[in-house]
Amino acid sequence: MVVMYLHGFRSSPLSKKGQIMREAFSGKYTFEAPDLNVSPVEVQSILLEAVKGCEPSELCLVGSSLGGFYATWLAEKIGCRAVLLNPATEPWSVINDYIGVQTINNTDRTFEVKTEYADQVRQMNCENIHADHYLVFLSTNDEVLDWHKAQSKYASCKMILLPGNTHEINNFEQCLPEIEHFVSTTSD
């Protein structure tokens, strides 16, 4: 089984959640975490290359925030399953707030956000999803995204509300048993 962590906007595979996931799952599964600080078109190429030769039934994505949006796109494209952590649902609507050079959190690296990224990411939107392919965690005190939008989009999916939690997910370790159970459960 391959577990692939998809980080959020201005984050990295070395984020706190990424490190916790790597530590928890590396000994049990093949763990991958690509760097997605590139354009949405480049993200598509990176992800499709990363899963080349991988059986969808042997792959589970774990996407956080924008990574959750990307995980939905990839899960629908190839038919794998995904765990979504406070997933972004309409990233194109906020891209203009971030045009220009952005610093990647907890690094000295930067990348440039361009206006055309809004159209690129909009083209990745999945209106219809296979509800049984998802486990969704939503923080009710998310200060970055309106969790109600994700609750609506993923309403038919297995969902776990995290009352009082922020976008970062305080005590993320508490989610690991449910994530591991979902990862280890064979898909249809």
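How much space lies in the largest cavity? I began my notebook with this question, and since the model is a predicted one, I note that every value below is computed from it.

**Entry 1: the cavity.** I looked up the space and found that about 30 Å³ lies in the largest cavity. I then checked the count, which comes to 1 cavity of 30 Å³ or more.

**Entry 2: the lining.** I listed the residues that line the largest cavity, and they are Phe69, Thr72, Trp73, Met124, Asn125, Cys126, Lys153 and Tyr154. When I sorted this lining by type, I wrote down 5 nonpolar residues, 2 polar ones and 1 charged one. I also asked which element gives the largest share of the lining, and I found that helix α3, residues 66–78, supplies it with 3 residues.

**Entry 3: strand β4.** Is strand β4 buried or exposed? I found that 5 of the 5 residues of β4, residues 81–85, are buried, so this strand is largely enclosed by the rest of the structure.

**Entry 4: the neighbours of β4.** I looked up the pairing with strand β3, residues 59–64, and found that β3 and β4 run parallel and are joined by 5 bridges. Within this pairing, Ser64 has Leu85 in β4 as its bridge partner.

How values were computed. Residues are numbered from 1 along each chain as its sequence is written. This is a predicted model: local features need pLDDT of at least 70, side-chain atom pairs count only at pLDDT 80 or more; totals for chains, interfaces and linings use all residues. Side-chain values use heavy atoms; hydrogens and water are left out. On a 1 Å grid over the protein atoms alone, a cavity is a set of points where a 1.4 Å probe fits but cannot get out, and a pocket is an open set with protein on both sides within 12 Å along at least five of seven lines; lining residues have an atom within 4 Å of a point. Grid points are joined across faces, edges and corners, and a volume is the space filled by probe spheres set on the points. Helices (H or I, at least four residues) and strands (E, at least two) are DSSP runs, numbered from the N terminus. Ala, Val, Leu, Ile, Met, Phe, Trp, Tyr, Cys and Pro count as nonpolar, Asp, Glu, Lys and Arg as charged, and the others, Gly among them, as polar. Buried means under 20% relative accessible area, exposed over 50%, partly exposed in between (1.4 Å probe, protein chains only). Two strands pair if DSSP finds at least two bridges between them.
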